[in-house]
Amino acid sequence: MGVGGTLEYISELMSSGHKQKKRKQLQTVELKVRMDCDGCELKVRNALNSLSGVKSVEINRKQQKATVTGYVETNKVLKKAKSTGKKAEIWPYVPYNLVAQPYSAQAYDKKAPPGYVRKVDNNPQNQSVVRYDQGDPYTTMFSDDNPNACSVM
């Protein structure tokens, strides 16, 4: 620490009567925003850029995704996106390879972009188990009513 740094440190200690604001952390907020045309995209981009603390706004209209990077709060970004009149929500998808069971009823979503599935909780209480067998699998395995039964005699 040089002389200038030491003086700044001492002056900060002496001026402890002033409460300093906590600095917001640099974060990335991903939103799913319904955009159909260039005008919609421009409207959302301008609204998100008008927030204080925004460093960059990236929009992928094909995926209906807006990514905001900066010193911002998630709720404020979401509120600003909704103020444009567009349907907006926090990005609900995760990459396909990060989900243990991507084809479970909760995760599978036809509207998800390619390579993504819906984000679901991993709590066992929230997951329902789907059973495909109605009876004992061993008794139906060799049944005459079962067309897939073993035909070895």
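Biologist: Is Lys24 buried, exposed or partly exposed?

Modeller: Lys24 counts as partly exposed, because its relative accessibility is 36%. The classes are set by relative accessible area, with buried under 20%, exposed over 50% and partly exposed in between (1.4 Å probe, protein chains only). Please note that this is a predicted model, in which local features need pLDDT of at least 70 and side-chain atom pairs count only at pLDDT 80 or more, while totals for chains, interfaces and linings use all residues. Residues are numbered from 1 along each chain as its sequence is written, and side-chain values use heavy atoms, with hydrogens and water left out.

Biologist: Where does Lys24 lie, and which residues does Lys24 touch?

Modeller: Lys24 lies in the loop between helix H1 (3-14) and E1. Helices (H or I, at least four residues) and strands (E, at least two) are DSSP runs, numbered from the N terminus. A contact is a case of heavy atoms within 4.5 Å. Not counting residues up to four places away in sequence, Lys24 touches Tyr71, Glu73 and Lys76. The C-alpha atoms of Lys24 and Glu73 are separated by 8.0 Å, although the two residues are 49 apart along the chain.

Biologist: Which residues are in contact with Lys76 in turn?

Modeller: Leaving aside neighbours within four places in sequence, Lys76 is in contact with Lys24 and Leu51. Lys76 is found in helix H3 and, at 45% relative accessibility, counts as partly exposed. Between the C-alpha atoms of Lys76 and Leu51, 25 residues apart along the chain, the separation is 8.4 Å.

Biologist: How many helices and strands does the protein have?

Modeller: The protein has four helices and six strands. Along the sequence, they follow the pattern α-β-α-β-β-α-β-β-β-α. Of the 153 residues, 25% count as buried. Among contacts with a separation of 6 or more, 53% come from residues 24 or more positions apart.

Biologist: Which residues of H2 are buried?

Modeller: In H2, the buried residues are Cys40, Glu41, Val44, Ala47 and Leu48. Down the axis of H2 they fall within an arc of 135 degrees, so they line one face of the helix. Their cover includes strand E1 (27-33), strand E2 (54-60), strand E3 (65-70) and helix H3 (74-82). Helix H2 (residues 38-49) has 12 residues and reaches 16 Å from its first C-alpha to its last, close to the 16 Å expected at 1.5 Å a residue. That expected span is 1.5 Å times one less than the number of residues.

Biologist: How many disulfides does a search of the whole structure find?

Modeller: The search finds zero disulfides, a disulfide being a pair of cysteine sulfur atoms within 2.5 Å. Cys37 is in no disulfide, and its nearest cysteine sulfur, that of Cys40, is 3.4 Å away. Cys37 counts as partly exposed at 37% relative accessibility, whereas Cys40 is buried, with a relative accessible area of 10%.

Biologist: Where are Thr67 and Ser56 found, and what does Ser56 touch?

Modeller: Thr67 is found in strand E3 and is buried at 13% relative accessibility. Ser56 has its place in strand E2 and is partly exposed at 26%. Not counting residues up to four places away in sequence, Ser56 touches Thr67, Val68 and Thr69. The C-alpha atoms of Ser56 and Val68, 12 residues apart along the chain, are separated by 5.9 Å. Beyond its neighbours within four places in sequence, Thr67 is in contact with Thr28, Val29, Glu30, Ser56, Val57 and Glu58.

Technical notes. Arc of directions from axis to C-beta.
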